[in-house]
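These notebook entries record what I looked up in one protein structure.

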Amino acid sequence: MIEVKGLSKCFKKKQVLNNITLSLEHGIYGLLGPNGAGKTTLIRSLAGVYSIQEGQILYNGTSIERNTAYSRCVGYLPQQFGLFPGYTVTEMLRYFAELKEIPRSRQRSMIEESLEMVNLSDRRDDRIRTLSGGMIRRLGIAQAVLGDPHFIIVDEPTAGLDPEERARFKLLLSRLSGEKTVLLSTHIVEDVEAVCDHIILINNGSLVGAGSSSDICKIADGKVYSVPETMVDQLQDPFFVLKKESGNGLLRILSPVEQNGTQEEATIEDGYLCRIKGLG
């Protein structure tokens, strides 16, 4: 189990994380928040990239700081993933295997396993510079799972991918869970909805919600309405327009006060926006 207790962090005078407390067990967790919410800072702290200023991160009851047992159980795919373009796929993974201190007697089999997992076995001898953007992200997952880590962290993994690669990537993440803990950081609600067992909402460096998909939906229960677009001037503040319904002249809105419209069933996106917009 990974436990975060009262984690706070500042960069100069800017508060980036504010008293974050949460627990991660087995399954896929979606860390959802707008750009600049503090997601990357939180996961870099969990990955051991950033030192802990205030609070604790515990792995099975022990601090992760200078904890080699923890560092060996973490696989991390950052949003900006640098590779050597002249290396082959296998050479690149062998380099990561050395960094992870995987015994050389086991490197070949583990590299083959990770390539098979991400469907890149047929590209093992290709140069990095010949790979597509989707293949680069899959190679990123291959290095993250190399060594069979128990805790896998991925930051904005589908950013910039086409729909086919996004679908393939989400399927890959769903296959990784099992007895592992996977933390997916993103601002794309659809990605979280598709693969995550648990959802964590963060905004302005603070935890603003956590739970199952149904728990997040319940945040917006009774606050989602369809109203005619012609009635927008008659709506009571506060309200937030979620979207314009295609072809029927209706607006889907979010509001904590009763509106003269038809109540709609809340979605994960509704619950998320309800917290992000401060509407409940």
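Entry 1, charges. For this count I took Lys and Arg as positive and Asp and Glu as negative, leaving out His and the chain ends. I then looked up the charges of the protein chain, which has 32 positive and 35 negative ones. Their mean positions lie 8 Å apart. I note that the model is predicted.

I found nine helices and 14 strands in the protein chain. I read the extent of its C-alpha trace along the principal axes as about 70 × 45 × 35 Å.

I looked up how much of the chain is buried: 49% of the 280 residues. The protein chain exposes about 14000 Å², and I noted that carbon and sulfur atoms supply 46% of this area.

I considered contacts between residues at least 6 apart in sequence, and 66% of them join residues at least 24 apart.

Which residues of helix 6 are buried? I listed E165, R166, F169, K170, L172, L173 and L176. Seen down the axis of helix 6, these buried residues fall within an arc of 160°, so they line one face of the helix. I recalled that an α-helix has 3.6 residues a turn, so residues three or four places apart point the same way. On the other side of helix 6, I found P163, E164 and R175 exposed.

How values were computed: Residues numbered from 1 in each chain as written. Predicted model: local features only at pLDDT ≥ 70, side-chain atom pairs only at ≥ 80, totals over all residues. Heavy atoms only, no water. Helix = DSSP H or I, 4+ residues; strand = E, 2+ residues; numbered from the N terminus. Buried < 20%, exposed > 50% of the residue type's maximum accessible area, 1.4 Å probe, protein only. Contact = heavy atoms within 4.5 Å. Areas by Shrake-Rupley, 256 points an atom, 1.4 Å probe, with all protein chains shown as cover. Charge placed at Lys NZ, Arg CZ, Asp CG, Glu CD. Arc of directions from axis to C-beta.
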